[in-house]
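Biologist: I would like to learn how to read a structure one feature at a time. Please give the general idea first and then the case at hand.

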Amino acid sequence: MTGADLAPGDGVDLTVDFASGSLEARFQTVCVFNVLEHTFDPLTVLRNALACVAPGGALLVVTPVIWPLHRYPVDSCRLLSDWYETFAARARIELLPEHFCWLSEFGIETIGSAANASDPTFQSRARYTAPARYWTSRIIHRLFHTFGRSHWATHTAIGVAFRIMRNG
């Protein structure tokens with residue numbers, strides 16, 4: 001396993017800033033976990049990470065969707081499932097549907113699966129939520145006139161796996 005980051009540190013074997021360049025090395029699996037929300041240009045970062053994946057390899061990505069801001073060094077954006085689907089189509093890489101998931105306090109759920117056709121929210125997954133928490137959320141939404149919204153979970157991320165089928 002090889003660790004890469006912006007600056008040297010424990011577990012960091014290579015320093016690289018994917019916002020401005022890539023590595024010459026190729027790896028069978030490249031993981032980009034909790035990085036894209038910290039960049040102004042996630043498309044460039046993901047393209048540069050993609051360039052490090054060997055043909056037949058995989059690019060694994062996790063990004064928060066609904067999450068408290070966590071500035072290190074900045075907190076710039078949130079990417080949604082449609083963004084990843086469009087990225088895969090434009091980059092001509094395969095998005096693996098069985099590994100395209102909501103990661104939330106309700107568990108891990110495949111995005112777009114028939115069993116969970118809706119986004120994970122307190123409203124759609126109330127069966128997983130303590131009744132007191134669910135009803136407190138409903139009352140607060142009523143008080144602040146946000147009751148038409150979906151009652152998103154407090155912590156939700158997206159996990160996605162791409163398979164790279166290109167040569168060279």
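Biologist: Which elements make the right-handed β-α-β unit?

Modeller: A crossover is right-handed if, with the strands pointing away from the viewer, the path from the first strand over the helix to the second runs clockwise. Here the unit is made by β3, α1 and β4. Helices are DSSP runs of H or I with at least four residues, strands are runs of E with at least two, and both are numbered from the N terminus. This is a predicted model, in which local features need pLDDT of at least 70 and side-chain atom pairs count only at pLDDT 80 or more, while totals for chains, interfaces and linings use all residues. Residues are numbered from 1 along each chain as its sequence is written, and side-chain values use heavy atoms, with hydrogens and water left out.

Biologist: How many bridges join β3 to β4, and do the strands run parallel or antiparallel?

Modeller: Two strands pair if DSSP finds at least two bridges between them. β3 and β4 (residues 53-66) run parallel and are joined by six bridges. Val30, for one, has Leu59 as its bridge partner in β4.

Biologist: How many helices and strands does the protein chain have?

Modeller: There are three helices and eight strands in the protein chain. Their order along the sequence is β-β-β-α-β-α-β-β-β-α-β.

Biologist: Where is confidence lowest and where is it highest in the protein chain?

Modeller: pLDDT is the predictor's confidence in each residue, from 0 to 100. The chain averages 82, and 78% of the residues score at least 70. Helix α3 (residues 131-143) has the lowest confidence, with a mean of 69, whereas α1 has the highest, at 95. Where pLDDT is low, the predicted coordinates should not be read in detail.

Biologist: Is Leu36 buried or exposed?

Modeller: Buried means under 20% relative accessible area, exposed means over 50%, and partly exposed is in between (1.4 Å probe, protein chains only). Leu36 sits in the loop between β3 and α1 and is buried, at 0% relative accessibility. Its C-alpha is 8.8 Å from that of Val61, which is 25 residues away in sequence. Glu109, in strand β7 (residues 107-110), is also buried, at 5%. Of the 168 residues in the protein chain, 39% are buried.

Biologist: How many residues line the largest pocket, and which lie nearest its centre?

Modeller: On a 1 Å grid over the protein atoms alone, a pocket is an open set of points where a 1.4 Å probe fits, with protein on both sides within 12 Å along at least five of seven lines; lining residues have an atom within 4 Å of a point. The largest pocket has 28 lining residues, and nearest its centre are Ala4, Asp5, Leu6, Phe18 and Val35. β1 (4-5), β3 (27-33) and α1 (42-50) each give at least two residues to this lining. The largest share, six residues, is from β3.

Biologist: How much space lies in the largest pocket?

Modeller: About 890 Å³, where volume is the space filled by probe spheres set on the points, joined across faces, edges and corners.
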